Amino acid sequence: MVQALASAFPQPTRRLLAAALLGRRRPANPYRRRDWLRISQRLALGMSPEAVARAEGTTPEAVACLLQQRAFRGLVESFEKLIARPAAEQRTRLVRLARLALENALSDWDAGAALFVLAEDARGRDPAESLAEAVLARARRPATAIPPA
């Protein structure tokens, strides 16, 4: 089957194509980008690798493997620096991010985001500021209270 498909290609290309189609694949990465973000945030908040592993439903060895990667350690350090910023600076940044998030949600016709914006506007509040305050309130909770996404 593979040889028949590759017959229109030159000989070296046929061999490479056959090898590629017969299963020469990179091992699957068990962690998606979103997992990396959540795990790194938990570590930056002070959770131990063992506690993070329990919360993620994985092994401490898997978290330790992530921590061996320079890029992942850099991500944890970035979140640690972000958390260490003064509260006023964090709030300003979160309000700006919340405005972007609401813009994106509304441009995608997200009904929940639209209802939230309308409800906050009816109460005379800035929706982006309300969203930022909710994020800050969640960040003030103990690290173990953050549910897995």
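This is a predicted model: local features need pLDDT of at least 70, side-chain atom pairs count only at pLDDT 80 or more; totals for chains, interfaces and linings use all residues.

**Entry 1: burial and overall make-up.** I call a residue buried when its relative accessible area is under 20%, exposed when it is over 50%, and partly exposed in between, using a 1.4 Å probe and protein chains only. With that rule, 26% of the 149 residues of the protein chain count as buried. Residues are numbered from 1 along each chain as its sequence is written, and side-chain values use heavy atoms, with hydrogens and water left out.

Next I listed the secondary structure, taking helices (H or I, at least four residues) and strands (E, at least two) as DSSP runs numbered from the N terminus. The protein chain has 9 helices and 0 strands. Read from the N terminus, its elements go α-α-α-α-α-α-α-α-α. I then looked at contacts, meaning heavy atoms within 4.5 Å. Among contacts in the protein chain with a separation of 6 or more, 52% are between residues 24 or more positions apart.

**Entry 2: salt bridges.** My criterion was a side-chain nitrogen of Lys or Arg within 4 Å of a carboxyl oxygen of Asp or Glu. Side chains of opposite charge can pair when their charged atoms come close. How many salt bridges does a search of the whole structure find? The search gives 9.

I followed the ones around Arg38. Asp35 forms a salt bridge with Arg38, with the closest N and O atoms 2.9 Å apart. Both residues sit in helix 3 (residues 33-44), 3 residues apart, or about one turn of the helix. I checked burial too: Asp35 and Arg38 are both buried.

Glu56 also forms a salt bridge with Arg38, and here the closest N and O atoms are 2.7 Å apart. Because Glu56 lies in helix 4 (residues 49-56) and Arg38 in helix 3, this pair ties together parts that are 18 residues apart in sequence.

Arg42 has 1% relative accessibility, so I count it as buried. Glu56 is buried as well, with a relative accessible area of 19%. Through shared partners, salt bridges join Asp35, Arg38, Arg42 and Glu56 into one network.

**Entry 3: the buried side of helix 5.** In helix 5 (residues 60-67), I found Ala62, Val63 and Leu66 buried. They cover an arc of only 95 degrees around the axis, so they lie on the same side of helix 5. That arc is taken from the directions from the helix axis to the C-beta atoms.

**Entry 4: aromatic rings.** Rings of Phe, Tyr and Trp (its six-membered ring) pair if their centres lie within 6.5 Å; planes under 30 degrees apart count as stacked, over 60 as edge-to-face and the rest as tilted. By this rule I get 1 aromatic pair. The ring centres of Trp36 and Phe72 are 5.3 Å apart and the planes stand at 85 degrees, so the pair is edge-to-face. It links distant parts of the chain: Trp36 is in helix 3 and Phe72 in helix 6 (residues 70-84), 36 residues apart. Phe72 is buried, with a relative accessible area of 0%.

**Entry 5: helix 8 against helix 9.** How do helix 8 and helix 9 pack, and at what angle? Helix 8 (residues 111-122) and helix 9 (residues 127-140) pack at about 105 degrees, with their axes 9 Å apart. The axes are lines fitted to C-alpha atoms, for helices over the stretch in contact, and angles run from 0 to 180 degrees between N-to-C directions.
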